[in-house]
Amino acid sequence: MLAIVYRTAKVLNTSFDSLFQVKKRYFTESKAPKTPKKPEEIHKEAALPEPNTKREVKSEPGDKAAPGRIFQKKKRNNAFGRNESLRPKKNEKALVIPIDPAALMRHSRGETMNLGGVKSRFHKINEKRKDINIEFAVQQAARAEVLLHEEEGYLEADEGDSTTNITQREIVDNVDITTATKHFNISLDFGPYRTRYTKNGRYLLLGGKRGHVAAFDWVRKKLLCEMNVMESVHDVTWLMNQTMYAVAQKNWVHVYDHKGTEIHCIKTMHRSVRLEYLPYHFLLNSAGENGFLSWMDVSIGESVGNYNTRMGKILAMAQNPWNAVTCIGGSKGVVSMWSPMVRDPLAKMLCHPVPLTGISIDPSGMHMATAGLDRKVKIWDIRQLEGPLETYHINTAASELELSQRGLLALSMGNVCEVYRRDNSSSEDQMKPYIRHRTNGPISSIRFCPYEDILGVGTAKGFVSLIVPGSGEPNFDTFEANPYQSRSQRQEEEVHKLLEKIPAEFISLNPTQIDEVDVPSAKARLEQKVKLLTLKPPRIDFEPRKRNGVSKAKLVQIKRNVKEFRFREAANELREIKDKLLAEEEKPAESLDFIPLETKSVLDRFSTKKKKKAAH
């Protein structure tokens with residue numbers, strides 16, 4: 001390295017000695033070495049250049065430096081070419097970055113604890129410290145929203161113009177290349193088609209009425225499999241991920257893998273017309289044309305429930321992502337909510353006075369959209385079972401409904417697809433469509449793609465992918481749904497989901513009741529337990545029968561013996577009950593072969609199996 005530097009100095013016609021004429025930092029001119037050293041020796045000493053000027057500062061009363069100490073004068077230039085002081089200014093304050101109050105309100109954890117009932121000073125300090133930590137966490141969470149730089153964007157028309165006049169061709173010409181490639185049209189001859197996206201929005205599944213089934217990566221346009229099952233197809237759905245999917249065919253539901261190989265035939269789901277999949281419970285739900293609802297656990301291959309709804313042919317079905325309840329609509333305009341563990345519906349809502357044509361529930365599980373033959377679309381609060389919150393009047397009855405992650409409402413009427421931006425403040429007369437698109441055939445299915453501004457439309461003549469700005473969630477959680485998932489991540493996700501599988505018994509209208517305590521029942525059980533533990537033997541009243549030839553003393557002795565016998569019997573029964581209650585509270589005895597997972601000491605890993613058993 002030294003040789004390279006030396007040659008470079010020669011090439012630049014620079015005196016090498018002048019480059020290394022430096023003096024030690026704390027040497028004065030009188031003590032500096034007079035004879036220059038060789039470059040090798042100077043490099044070994046790693047000398048520092050001597051400051052050009054020195055200044056002597058006077059010591060202050062609070063200064064720890066020695067009086068008359070020599071400091072190096074450093075020149076630091078700011079953006080304006082001025083010298084900055086080395087010491088911070090006395091009146092200089094830390095920069096305070098304001099936080100959006102709305103963001104603080106979103107992440108707030110409620111009011112601070114009232115310390116009036118806390119007696120000891122130690123516990124008061126602990127509670128104050130907890131409140132400070134919670135407040136700091138809320139502020140950090142609100143500041144972290146800056147990292148979510150992606151926001152939804154909508155079309156904005158000029159004054160006097162409407163966004164419905166903007167065609168897909170104009171949108172494609174004005175967006176980036178990546179988004180423009182997501183608009184495409186596939187012409188197929190086996191329609192009408194039912195469509196379904198995976199949970200992460202990466203893969204698309206098509207099922208034609210005439211038996212055509214295709215699965216592919218619609219972003220990269222890479223085909224996974226394509227086949228014709230040679231019988232009618234009524235609906236399709238993905239299962240846990242893109243490796244498996246179910247097809248409702250003419251008689252039964254068939255399960256295929258991503259290569260098109262048939263894995264299973266579910267004959268308990270007979271003549272199904274609609275399919276839904278519950279991802280957190282691993283349940284495949286089907287609705288038959290004869291009015292039967294069926295649930296099957298795909299992880300173990302067992303049927304969970306099969307009930308007759310007594311509603312005739314099921315016209316529309318949707319699954320609530322919040323509580324996994326299945327909502328179905330029939331010819332009487334009633335939406336009924338079903339659970340696989342209850343034979344009767346959990347709740348019923350009269351939504352329309354005419355037969356229903358479509359049901360859709362938003363991904364948050366808060367609102368439900370229904371459409372009927374009365375040419376109305378209504379939005380309901382599905383958690384409170386109230387509404388309608390909004391009402392849309394349309395020209396003809398809607399055949400399909402879909403709600404996006406950002407609240408956009410899409411509906412189909414014949415060969416016309418319309419998208420609405422929901423606004424609670426608007427009146428019925430002011431409701432106008434956001435985007436309108438006309439297809440080349442009757443629409444049979446519409447689906448919003450998760451985490452993308454894409455609406456997939458299945459028609460009688462193929463499939464159309466439409467760009468709908470502002471429909472998808474721009475920021476995704478990779479632990480929930482990862483569009484860029486690798487093979488190892490997918491395998492790890494399958495294991496985690498199986499370990500975190502929720503039993504079907506937990507499906508109810510209000511899933512938050514699971515972690516709540518049934519106070520009346522718990523109180524009654526506690527009172528009964530206390531009563532049994534404090535119960536005393538009853539007082540026994542016995543009077544012996546008088547007989548001829550039996551003296552009075554003998555009768556008294558018989559009375560005493562009978563009372564003592566009955567008292568001992570009652571006392572033994574109470575003792576057994578108390579012992580049983582106390583035994584329930586104790587921990588079960590561990591077997592001799594039991595070895596705990598958690599060790600008491602770090603050195604236990606060097607112990608033998610016999611020593612571990614003896615220690616525990």
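## Cis peptide bonds

Pro 388 is part of strand S23, residues 386-393; helices (H or I, at least four residues) and strands (E, at least two) are DSSP runs, numbered from the N terminus. The peptide bond from Gly 387 to Pro 388 is cis, with omega near 5°. The bond from Gly 191 to Pro 192 is cis as well, its omega being near 0°. Pro 192 sits in the loop between strand S3 (184-187) and strand S4 (193-197).

This is a predicted model, in which local features need pLDDT of at least 70 and side-chain atom pairs count only at pLDDT 80 or more, while totals for chains, interfaces and linings use all residues. Residues are numbered from 1 along each chain as its sequence is written, and side-chain values use heavy atoms, with hydrogens and water left out.

## Positive phi angles

Most residues other than glycine have a negative phi, and most peptide bonds are trans. Arg 375 is not a glycine, yet its phi is positive, about 60°. Arg 375 lies in the loop between strand S21 (367-372) and strand S22 (376-381). Its relative accessible area is 47%, so Arg 375 is partly exposed; buried means under 20% relative accessible area, exposed over 50%, and partly exposed in between (1.4 Å probe, protein chains only).

Tyr 451 also has a positive phi, near 65°. Its place is the loop between strand S28 (443-448) and S29.

## Thr 459 and its surroundings

Thr 459 belongs to strand S29, residues 454-459. Thr 459 counts as buried because its relative accessibility is 1%. A polar atom of the Thr 459 side chain lies 3.3 Å from the backbone nitrogen of Lys 461. A polar contact is a pair of N or O atoms within 3.5 Å; within protein, one must be able to donate a hydrogen and the other to accept it, and residues adjacent in sequence count only if both atoms are side-chain atoms.

Which residues does Thr 459 contact, leaving aside its neighbours within four places in sequence? They are Gly 191, Pro 192, Tyr 193, Thr 439, Asn 440, Gly 441, Pro 442, Ile 443 and Ser 444, where contact means heavy atoms within 4.5 Å. Among them are Gly 191 and Pro 192, the two residues joined by the cis bond with omega near 0°.

## Salt bridges

The structure holds 17 salt bridges, each a side-chain nitrogen of Lys or Arg within 4 Å of a carboxyl oxygen of Asp or Glu. In one of them, the side chains of Glu 289 and Arg 271 meet at 2.5 Å, N to O. Glu 289 lies in the loop between strand S13 (283-288) and strand S14 (292-297), and Arg 271 in the loop between strand S11 (262-266) and strand S12 (272-278), so this pair ties together parts that are 18 residues apart in sequence. Glu 289 is partly exposed at 32% relative accessible area, and Arg 271 is partly exposed at 30%.

Helix H8 (487-499) contains both Glu 494 and Arg 490, four residues apart, about one turn of the helix. Their side chains form a salt bridge of 3.2 Å, N to O. Glu 494 is partly exposed at 22% relative accessibility, whereas Arg 490 is buried, with a relative accessible area of 15%. Glu 493 forms a salt bridge with Lys 497, the closest N and O atoms being 3.4 Å apart. Glu 493 and Lys 497 are also four residues apart in H8, and therefore separated by about one helical turn. At 18% relative accessibility, Glu 493 is buried.

## Helix H5

Helix H5 (residues 121-143) has 23 residues, which at 1.5 Å a residue should span 33 Å; its end C-alpha atoms are 33 Å apart, in agreement. The expected span of a helix is 1.5 Å times one less than its number of residues. Glu 127, Asp 131, Val 138 and Ala 142 are buried in H5. The cover over the buried residues of H5 includes helix H4 (101-107).

## A nonpolar surface patch

Tyr 280, Ile 502, Phe 506 and Ile 514 make a nonpolar surface patch of about 340 Å². Patches are made of residues with over 30% relative accessible area and no salt bridge: like charges are joined within 9 Å, nonpolar side chains (Val, Leu, Ile, Met, Phe, Trp, Tyr) within 5 Å. Accessible areas come from the Shrake-Rupley method with a 1.4 Å probe; for residues, only the protein chains shown count as cover.

Phe 506 is found in the loop between helix H8 and helix H9 (519-533). Phe 506 counts as partly exposed, at 39% relative accessibility.
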